[in-house]
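Thanks for making time this morning.

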Amino acid sequence: MNGNTPYAGLPGETGAGQRAAADVPDLSSTQKRLLHRDVSRIAARTREFLPSEYVVDADVSSGMTGPQVTVAVRPPVGHAVSAGFTPDLEEAAAEEVITADERDEVARGLAASAALQVKQAVSNNVRPTGK
């Protein structure tokens with residue numbers, strides 16, 4: 001049954017669980033620089049939405065399908081939230097890998113999720129003042 005999955009590998013070409021080298025895109029130095037800049041912009045935009053008590057960090061790593069982007073927020077209380085995705089390098093423009101709309105969408109979503117984590121963490125400890 002394993003032969004029906006992409007993880008079985010191709011006899012004589014790739015091992016089980018491995019991908020062919022041609023399948024993984026190589027980033028040029030310009031694309032790497034632009035990707036890191038765009039991820040930093042997501043983190044900065046997320047910080048704009050949140051008070052300083054929230055810790056925001058971003059990371060670019062290499063995955064099996066290419067670069068993996070992760071932006072995470074650690075609220076003062078509650079669970080950390082993160083957004084991870086693989087940018088589409090073929091659709092990338094010459095001046096940006098992640099568009100401004102995509103950056104804003106990720107930043108707003110992370111900020112809202114982090115604020116919700118705080119609300120859920122303190123909701124049991126706060127007595128309502130009125131109904």
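Which residue takes a positive phi in the hairpin of strand 2 and strand 3? It is glycine 78, with a phi near 95°, in a hairpin that has six residues between the strands. Before going further, please keep in mind that this is a predicted model, in which local features need pLDDT of at least 70 and side-chain atom pairs count only at pLDDT 80 or more, while totals for chains, interfaces and linings use all residues. Residues are numbered from 1 along each chain as its sequence is written, and side-chain values use heavy atoms, with hydrogens and water left out.

Helices (H or I, at least four residues) and strands (E, at least two) are DSSP runs numbered from the N terminus, and two strands pair if DSSP finds at least two bridges between them. Strand 2 and strand 3 run antiparallel and are joined by five bridges, with alanine 72 partnered by serine 82 in strand 3. Strand 1 pairs with strand 2, also in the antiparallel sense, over nine bridges, and valine 60 stands opposite valine 69 of strand 2.

Leucine 35 touches, that is, has heavy atoms within 4.5 Å of, Val60 and Val69 among others, not counting residues up to four places away in sequence.
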